[in-house]
Amino acid sequence: MATMADVARSAGVSVATVSHVLNRTRPVLPHTRQAVLDAVEELGYTTNTLARSLVTARTRSIGLAVSAISNPYFTEILQGVEAAALEHGYSLLIADPHDDPEHERTVVQLLHERRVDGMIVAPSADPRELLAYLGRHDVPAVFLDRLVGAPDDRPRFDQVCADNAEPTSRLVTHLAGLGHRRIGLVAGRPGLSTTSERITGYRTGLAFGGLPYDERLLVHGDSESAGAEQATAALLSLAVPPTALVTGNNAMTIGALRALRAHGLSVPGDIAMCCFDDFAWADLFSPRLTAIAQPSRDIGAQAVRVLLERLDEPDRPARTVRLPCTFVHRTSCGCPEEPGRSVQGEQPEQSAQSERGTVA
């Protein structure tokens, strides 16, 4: 079996240079790097990960604890995490906490026992056990998508997420601008920061549109399709139901559409709809769904970068990184399929099929 010394002799460099190339610990001239990689290929050298971890006290692995991996949003985040991890020479161990606080703590402990260098976690609505474990064992961690603590608090852990309030407000003001006076919200699971921030955006949008807040028009779909179907049915049973609907994530959009179909209602003919979360087939629905698109892959990749910075600088202050979303204007809101339409500051030359304006 070839050794690192064999690779060094074949490439005409030092063992230290081979180590820097393979471990990406120091920049190496391109022709030198290529010579090392050619020697690795020719000799069939493979890195002894166990031996390296014993020397460096690192396994070059990252634990990822994300619920509902079947959700397209989290699937895209996973792709971003995986690509960034591989780019930096890290492997990925994945666990699904099922949004259950007790199970969340268990899977995080299992990942920690696998000696991952750090973790990326999408926390549950009750992360107290998670926080206690990470703090007690001083585990480098980044919270993904969902924040922990009040927005104005100094975070205990690094956090990466999208903007939530302002994009939701934009959906509501867009519907209000189209003449809707009763706009319902199917919100996510109580206790999640994404849910509370999108509710804040909903109420802000109502205020901007000159509309009163009516608590009967806000229902919780618990971030799932089945819950959203029931919640939407409750909205439709009101004496004066909403004429427009905002859904809090892509799974709840599917549930809301099922409820509308069950009640014989069409979109946007009978009720307008906008949704938070764009997804691959949103453009294939009839009507095509007006949505807020989150930079899912960028969120995942940024979480990896923030975690690696934390590993390099363990004592630096924790920070929260927010990435901007995009307003994707289609036709479920009731706007016509009209090229060149300008919506809330977007450029007139953009077509309705691909109108995209950055939400800062």
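Predicted model: local features only at pLDDT ≥ 70, side-chain atom pairs only at ≥ 80, totals over all residues.
Local features here need pLDDT of at least 70 and side-chain atom pairs count only at pLDDT 80 or more, while totals for chains, interfaces and linings use all residues. Residues are numbered from 1 along each chain as its sequence is written, and side-chain values use heavy atoms, with hydrogens and water left out.

**The sheet**

Let's start with the strands. Helices (H or I, at least four residues) and strands (E, at least two) are DSSP runs, numbered from the N terminus. Two strands pair if DSSP finds at least two bridges between them.

Strand E4 (residues 141-144) runs parallel to strand E5 (residues 158-162), and three bridges join them. Within this pairing, Phe 143 stands opposite Gln 159 in E5.

**Salt bridges**

The structure holds 14 salt bridges, each a side-chain nitrogen of Lys or Arg within 4 Å of a carboxyl oxygen of Asp or Glu. Here are some of them:

| Pair | N to O distance |
|---|---|
| Arg 316 and Asp 158 | 3.4 Å |
| Arg 189 and Glu 224 | 3.1 Å |
| Arg 322 and Glu 197 | 2.6 Å |

Arg 316 and Asp 158 are both buried (buried means under 20% relative accessible area, exposed over 50%, partly exposed in between, with a 1.4 Å probe and protein chains only).

Arg 189 and Glu 224 meet in a salt bridge. Arg 189 lies in the loop between E6 and H9 and Glu 224 in the loop between E7 and H10, so the pair ties together parts 35 residues apart in sequence. Arg 189 is buried at 17% relative accessible area, whereas Glu 224 is partly exposed at 42%. Both belong to a network of salt bridges that also links Asp 99, Asp 145 and Arg 146.

Arg 322 forms its salt bridge with Glu 197. This pair links Arg 322 in strand E11 to Glu 197 in helix H9, 125 residues apart. Arg 322 is partly exposed at 34%, and Glu 197 is buried at 11%.
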